[in-house]
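Me: Hi! Could you walk me through this model? I'd like to go over it piece by piece.

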Amino acid sequence: MPGGHTQTLRPFLWRASKLYPDTEVVSRNHDGMSRQTYAEYEERTAQLANALDEHGIEQGDRVGTFCWNTDRHFEVYFAAPSMGAQLHTINPLLPDEHIRYIVDDANDEVIFVDPSLAEKIAGAAEGAEEFEGVDLIVMDDSPVEAIDGPVYEEFVAGHDTDYDWPELPSEQPAGMCYTSGTTGKPKGVEYTQSMLWSHTMMSQSPQGIPMEDDDVVMPVVPMFHVNAWGMPFTATAGGAKQVFPGPSPDADDLARLIEEEGVTITAGVPTVWLGLMEYCEDNEVDLSTLDQVIVGGSAAPESMIRWFDDRGVEVLHAWGMTEMSPIGSVAHLKSDLEDEDYQTQLDKRSKQGIMVPGLEFKVIDEDGNRIAWDGEEFGELYVRGPSVTKEYFKRPEANEEDFEDGWLKTGDVVSVDPDGYIKIVDRAKDVIKSGGEWISSVELENAIMAHEDVSEATVIGVPHEKWQERPVAFVVPTEGADREGLDDEILELLDEEYPKWWLPDAVEYIEEVPKTATGKFSKKDLREQYTGSVELHEGSAPEEAAPESDD
Ligand code: ADP
């Protein structure tokens, strides 16, 4: 095949390095700030590809990352896919058992590990056959105790700064990310070159989240979360300066990076921005360079949009999914709404938005009919398009459930107003979303029900001002069981198996779990009955449970 006709990431790297060789890629690393230009970045990427070649990585192999948002992580972002391998970002906040499952399922050849996460992965890998044959490489210039392997700077040092990037077909797998299922194990989503190319071009359209050569882009959303919503690719395509906030940035770090690097576009889950807003109330922070904050993953509260508006910063509320690479809709104001009053505009901007160009959707009600776009009727949102996956990796049973005639069934229940703005009214899925991270209610329930004094248990997410949702467990003790101290025992039991931030904020005793007609636990009923009346106690210390602001 003659070269250059397929849809791949390579031209984006080529463009940035040739048109914007002096534009910077900046990173807050554990040992201080580091800076390079796109010209240097391209050379480092080529060196890494050569090093991976020498290490035996071939086209189709998976290259794992277990990293925060850093420049070295970004180097893997283009090196692995452009050499024909697959960038597999692993979420380090998952329980060890999921990490082992994912590494085994994806069959990673190597995993690049952030030094601050070395102990975490070493713990998951210890004695685990899933990790046999997987080489761990620490993303640093000096070794760490927990991992006995080469360090990144040694690994790439001395390699040629040129690489003969191969011609790749559009369908070549380029990326991979796991999403939490409502039941069972995480599900792998493979991104082809063409999906990532399409996603980048959609993002670059005026009604996506375009990034230009005078932008300074800082993804706070982790790079292990659907490629930080694709921003490193979009920013490179546009020749924007990139700022990576590194391990565990807190509000102070973010404020400083915005000020010092002149950030114009940043993105993350609502929890992150609530933290920054609070910080700005108590500290003098100059947000004058900031044009846009992209808020997604959970609903952006109207008060947040107002707060940023008052400071001359536009909040763009976006909705998406891992299965969609991930952006689906963005709440841009349509031009004919520009003369409407502020509240009407806010109502629109608080919704999940209008579909980006390139995607189609339909909304199907319980009877299988398409709903009217009247803002009242609701149903399940189906989507399709070139950035939407057509299947899960090695999971035929999940494919049956989540795809229909080429459409992805999102599991989100939505209404659509006459202007075409989508609003999520409920989630068909019952997973709990806390600080932008999934907590599987099903897993917690099963673990709780393993306690001999528990006959039934169900866990639901209750709204939480800072974390959007926190888990609360509802437990039916067995007859005659001693209830005194049972809640503490349950929390201890969960503490052994799950990260702190998964632990329910409250354990409530109930006499019976409400059931649906088919005998399943009815969380909907439970929510209606109990949500308002639960008093959250300090149980699992949400402060330290902060996956996003903690990372
Ligand atoms: P993400 O990185 O966007 O969190 P996931 O695949 O983990 O991707 O989660 C996707 C789900 O998150 C959606 O199906 C939806 O339920 C929820 N979600 C994403 N964005 C929003 C939003 N802006 N408002 C409400 N829910 C959202």
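Reply: Happy to. One term to begin with: two strands pair if DSSP finds at least two bridges between them. Helices (H or I, at least four residues) and strands (E, at least two) are DSSP runs, numbered from the N terminus. This is a predicted model, where local features need pLDDT of at least 70 and side-chain atom pairs count only at pLDDT 80 or more, while totals for chains, interfaces and linings use all residues. Residues are numbered from 1 along each chain as its sequence is written, and side-chain values use heavy atoms, with hydrogens and water left out.

Me: Thanks! In what order do the three strands of the open sheet come?
Reply: The order is β23-β24-β25, with mixed pairing. β23 (454-464) and β25 (506-509) are the edge strands; each has a single partner strand, so one side of each has no neighbour in the sheet. From one strand to the next, the twist averages 25°.

Me: And how many bridges join β24 to β25?
Reply: Four, and β24 (residues 468-477) runs parallel to β25. For a landmark, Val-472 has Ala-506 of β25 as its bridge partner.

Me: Which strands does helix α16 touch?
Reply: Helix α16 (residues 486-497) packs on the sheet and touches β23, β24 and β25. Its direction makes about 135° with that of β25; angles run from 0 to 180 degrees between N-to-C directions, and axes are lines fitted to C-alpha atoms, for helices over the stretch in contact.

Me: New topic: at what angle do α11 and α12 pack?
Reply: About 45°, with the axes of α11 (residues 270-282) and α12 (residues 302-310) 11 Å apart. They are therefore oblique to each other (under 35 degrees counts as roughly parallel, over 145 as roughly antiparallel, 65 to 115 as roughly perpendicular and the rest as oblique).

Me: Which residues make the contact?
Reply: Contact means heavy atoms within 4.5 Å. On α11 they include Trp-273, Leu-274 and Met-277, and on α12 they are Met-304, Trp-307 and Phe-308.
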